[in-house]
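Dear colleague,

Please find below the structure that I am handing over to you, followed by an account of what was found in it.

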Amino acid sequence: MMSQLLIIIAALYGAVAVALGAFAAHGLKSRLSEQLLTVFQTGVTYQFYHTLALLLAGLWLRFAPSPWVAAAGIFWALGVVLFSGSLYALALTSIKWFGPITPLGGLLFILGWICLLVGAVKA
């Protein structure tokens with residue numbers, strides 16, 4: 001069940017990342033400053049990295065269930081929302097209070113990678 005959920009989330013995040021990347025390249029280039037465009041693109045980049053990680057975690061769980069790998073997937077899925085989501089919001093609105101949310105998402109990414117490490121060692 002968890003493997004299917006992570007693969008579904010990865011598919012959704014992947015599609016959204018492609019759409020947002022295209023939106024940034026074609027729709028935002030003339031509307032945002034170079035700095036804010038870079039912020040937006042950083043969100044897209046990290047969303048792609050963790051989309052691939054979610055997909056691999058989902059596949060791993062399909063063949064070798066692990067609570068650690070499942071936890072990694074959950075951390076990454078939430079990390080995308082907080083990290084990339086806050087960067088998108090910051091870039092599009094210039095509201096500075098979105099900035100402090102970003103490191104929380106980054107912390108979730110790190111926790112996910114640590115969980116993957118533990119899962120790999122215990123496998």
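How much of the chain over residues 97-121 is helix, and how far apart are the end C-alpha atoms? The span is 80% helix and 0% strand, with its end C-alpha atoms 39 Å apart. This is a predicted model, in which local features need pLDDT of at least 70 and side-chain atom pairs count only at pLDDT 80 or more, while totals for chains, interfaces and linings use all residues. Residues are numbered from 1 along each chain as its sequence is written, and side-chain values use heavy atoms, with hydrogens and water left out.

Residues 97-121 belong to a UniProt annotation, "transmembrane region", from an unreviewed entry, which also covers residues 40-61 and 68-91. UniProt positions follow the numbering used here, feature names are shortened, and annotations may be inferred rather than shown by experiment. Residues 68-91 are 100% helix and 0% strand, and 34 Å separates their end C-alpha atoms.

The protein contains 4 helices and 0 strands, in the order α-α-α-α from the N terminus. Helices (H or I, at least four residues) and strands (E, at least two) are DSSP runs, numbered from the N terminus.

As to overall form, the C-alpha atoms fill a box of roughly 50 × 25 × 20 Å along the principal axes.

Of the 123 residues, 43% are buried, that is, under 20% relative accessible area with a 1.4 Å probe, counting protein chains only.

Leaving aside neighbours within four places in sequence, Ala91 is in contact (heavy atoms within 4.5 Å) with Leu32, Leu36, Val39 and Phe40. The buried residues of H1 include Leu6, Tyr13, Leu20 and Leu28; H2 and H3 are among what covers the buried residues of H1. Among contacts between residues at least 6 apart in sequence, 76% join residues at least 24 apart.

Yours sincerely

Technical notes:
Buried < 20%, exposed > 50% of the residue type's maximum accessible area, 1.4 Å probe, protein only.
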